[in-house]
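Please follow this structure from single residues up to the contact between its chains, keeping the sequence at hand as you read.

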Amino acid sequence: MTSSTLHTSLRRVMIVPPIWLILIACVVFFSFAADNFLALNNFTNILIQTSTIGLIALGMTVVMINGNIDLSVGAVVALAASLSVGMQDQLGILPAVAVGLGSGMALGFLNGVIVWKTGVDAFIVTLGAMIGVRGLVFLYTQEQSFFSMNFAYADFGMSSMAGVPTLAIVFLVFTAIMHWLMTSTSHGRNAYAVGGNREAAQNAGIRVGWHMVANFVLVGFFAALAGITLSTQMGASTPNLGINYELWTITAVVLGGTKLAGGSGSILGTLGGVLTIGVLRNGMNLMQVPAFYVLVVMGVILIAVLFVDQRVSRREAEELKL
Amino acid sequence: MAKADAQAGRSSDRQRLISGENVRRILQTQGILIAFILFLVAFSLSSDRFASFDNVSTVFRQVSIIGTIALGVTIVVIGGNLDLSVGSLLSFTTVLVVDLHDKIGPTGAILVMFAAALAVGAVNGLLVGFARLNSLIVTLGMLSAIQGVTLIYTGGQNVDIVDQEGTWFTFFGRDFLLGIAVPTWIFLVLAVALHIVLTRTTFGRRVFAVGGNPTASAFSGVRRARVVFSTYLISAAATGCAALILGSRVMGSQNNVGQGYELLVLAGVILGGTSLLGGSGSIPKTVIGVLILGFIQNGLLLMGYPYYAQWLVTWVVIILAVWLDVASKRGRLFTTTS
């Protein structure tokens, strides 16, 4: 009895995703090691810098909790950015942004329906889409970069509300919405059920196919949104935007504790993962460590987190057996 | 008596060879080969330059780098794992061999480069094989780490071989043997060698066993960790061979030259019909998969389409190829998921 209460209370503590401990350690370290780290506007800087990968990671988390994956997000970033910058001369800014977001959602829908109907693994379906969507980007842009002629577009990327950059607010608001979606709605519950055991979820009456499609539309939306916010920061788009973003995003999500096999993970964990990468980048930058070292450190941390996680879950499994 | 039985068995085998069941099986297992042949015929009819010896050997040369890497990755995938670190490793090894060429000479450079590649493969192998960590994440971490190491090594600069005339290092990327380009030789010889290893040796059987059913293979006394470790060594060595071709062809290297190769290589492996679940696949399939990618690119260019048209076609072809494979195993075109 007591041991099981102890176990539940331990579980409670473990609800705070372990990546937050690493994040706190990083923040403490850089507060001492880097002079300008512990300043309010540096933290808003970090939020802006991480918002791009962060937004994509929100959608990716849900897809990965489902036991799927989306490798096409980097290409969708470029497509949405190119459409929303390239079309604003003819359509105006808001309709162009809508076209950009729509393109991401449409491609997400396509990916989702293919995964659902054909039964081909999401890794392969979206690997194909990653290559193909980049083709769409080059087809639309004819290999050109686009510049926004309307300064309102770039101004949005630089703007702030009550001292907080708008892009940071966008990221935090969507994080809150997604956290609510995953913890307080039936869609969130279903996501874990589908990822945990697809067949059981279906037998329990969940419409697994449409559920997965909805999540692919979500990740498409977030990838497109990330592309658009990124292009507002530059006031421009390039056809090579977003290359390798799928890998960075997966890194952030996995750092946040989401399992590739599906069935577990959380938005709070992903936020921790995204911020850890952001803090590492920013802190090492302030310490004037060349950006190259961040790549090495991140790779090592990713593997180390995986290693620790495996030891912990193995111990838990052994305890359950007893 | 036993001999007669065996002969009877053989002749009944022969009778069954032309049954409907067999035709279906051949269509199922060799679908990608048949599609490939149809595809070649279609392209040959639409462009008279397509089927020429010159053009075909150009395609082989072009796919030799991705193809060589894909051979190693195929073995990792058959063993039930992924290797996403090959793109970064290609950057690193190419930079290394090119940079060291002028410092310690071509022979030393090649030796050090292969040693470095094998070291990276050993780290992958230790983490995935012995520590039993998830291969996608381990090699994703390695992708990042090796990219960083490459940039640290070069200081963010690109590297060049200064004296491009007075070195035999040009052999691997630019020379021809018996009318066939050396990169093509490297690709094909490695393919034959690895095919023999996979199909004719105990090690090869173990790779299939470990990838197909880890539990059963463990009970049969196969040491999974060692086998997986070796598959990563092979993958790294194959990537080293690709770096040899690339470095020698360009006689220089950008520090991110292999970026994105990991997923393109995987596309070739998947297109060939090697299952990402492990336990099935083959080297010839990967050769065909990579050649399909190469011929799509080449054919579309010859027909006057821009180079990115191949990406759109590749998208459709990858999904169709795997879908047909999955559907034929399932016995129905669509899933029954609601």
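In this predicted model, Ala162(A) is exposed, because 5 other C-beta atoms lie within 10 Å and 12 or fewer count as exposed. Ala162(A) sits in the loop between β2 (160–161) and β3 of chain A, and its phi is near 55°, a positive value in a residue other than glycine. Gln142(A), which is not a glycine either, has a positive phi of about 50°, and its place is the loop between α7 (122–141) and β1 (146–147) of chain A. Gln142(A) is exposed, with 9 other C-beta atoms within 10 Å.

From these loops we can turn to helices of chain A. Helix α9 (residues 166–184) of chain A has 19 residues, which should span 27 Å at 1.5 Å a residue, and the 26 Å between its end C-alpha atoms agrees with that expectation. Which residues of α9(A) are buried? They are Leu167(A), Ala168(A), Phe171(A), Thr175(A), Met178(A) and Met182(A). Seen down the axis of α9(A), these buried residues fall within an arc of 100°, so they line one face of the helix. The exposed residues Val173(A), Ala176(A), Ile177(A), Trp180(A) and Ser184(A) are on the other side of α9(A). As for the partners of the buried residues of α9(A), they pack against several elements of chain A, including α3 (40–65), α12 (208–234) and α14 (267–286).

Helix α2 (residues 19–33) of chain A can be described in the same terms. Its 15 residues reach 21 Å from the first C-alpha to the last, close to the 21 Å expected at 1.5 Å a residue. The buried residues of α2(A) are Ile19(A), Ile22(A), Leu23(A), Cys26(A) and Phe30(A). They cover an arc of only 100° around the axis, which puts them on the same side of α2(A). The face turned away from this buried side carries the exposed residues Leu21(A), Ala25(A), Val28(A), Ser31(A) and Phe32(A).

Next comes chain B as a whole. Chain B has 14 helices and four strands. Its radius of gyration is 22 Å, close to the 20 Å that the globule rule gives for 338 residues, so chain B is as compact as a globular protein of that length. Taken along the principal axes, the C-alpha atoms of chain B fill a box of roughly 70 × 55 × 55 Å, and 48% of its 338 residues count as buried. Among contacts in chain B between residues at least 6 apart in sequence, 77% join residues at least 24 apart.

The largest nonpolar core has 202 residues, of which Val77(A), Ile69(B) and Ile318(B) touch the most other members. Helix α5 (residues 86–130) of chain B gives the largest share of this core, 16 residues. Leaving aside its neighbours within four places in sequence, Ile69(B) is in contact with residues among them Val86(B), Leu90(B), Tyr261(B) and Val265(B).

What remains is the contact between the chains. How many residues does the contact take from each chain? It takes 41 residues from chain B and 45 residues from chain A. On the side of chain B that touches chain A, α6 (135–154), α12 (261–272) and α14 (309–330) of chain B each supply at least two residues, and the largest share, 14 residues, comes from α6(B). The residues of this side of chain B divide into 29 nonpolar, eleven polar and one charged.

Conventions:
Residues are numbered from 1 along each chain as its sequence is written. Chains are lettered from A and ligands numbered from 1 in the order in which they are written. This is a predicted model: local features need pLDDT of at least 70, side-chain atom pairs count only at pLDDT 80 or more; totals for chains, interfaces and linings use all residues. The expected span of a helix is 1.5 Å times one less than its number of residues. A residue is buried if 20 or more other C-beta atoms lie within 10 Å of its own, exposed if 12 or fewer, and partly exposed in between; C-beta atoms are placed from the backbone. The arc is that of the directions from the helix axis to the C-beta atoms. The radius of gyration is taken over C-alpha atoms; the globule rule is 2.2 Å times the number of residues to the power 0.38. Two residues are in contact if their C-beta atoms, placed from the backbone, lie within 7 Å. A nonpolar core is a set of buried Ala, Val, Leu, Ile, Met, Phe, Trp, Tyr and Cys residues joined through C-beta atoms within 7 Å. Ala, Val, Leu, Ile, Met, Phe, Trp, Tyr, Cys and Pro count as nonpolar, Asp, Glu, Lys and Arg as charged, and the others, Gly among them, as polar.
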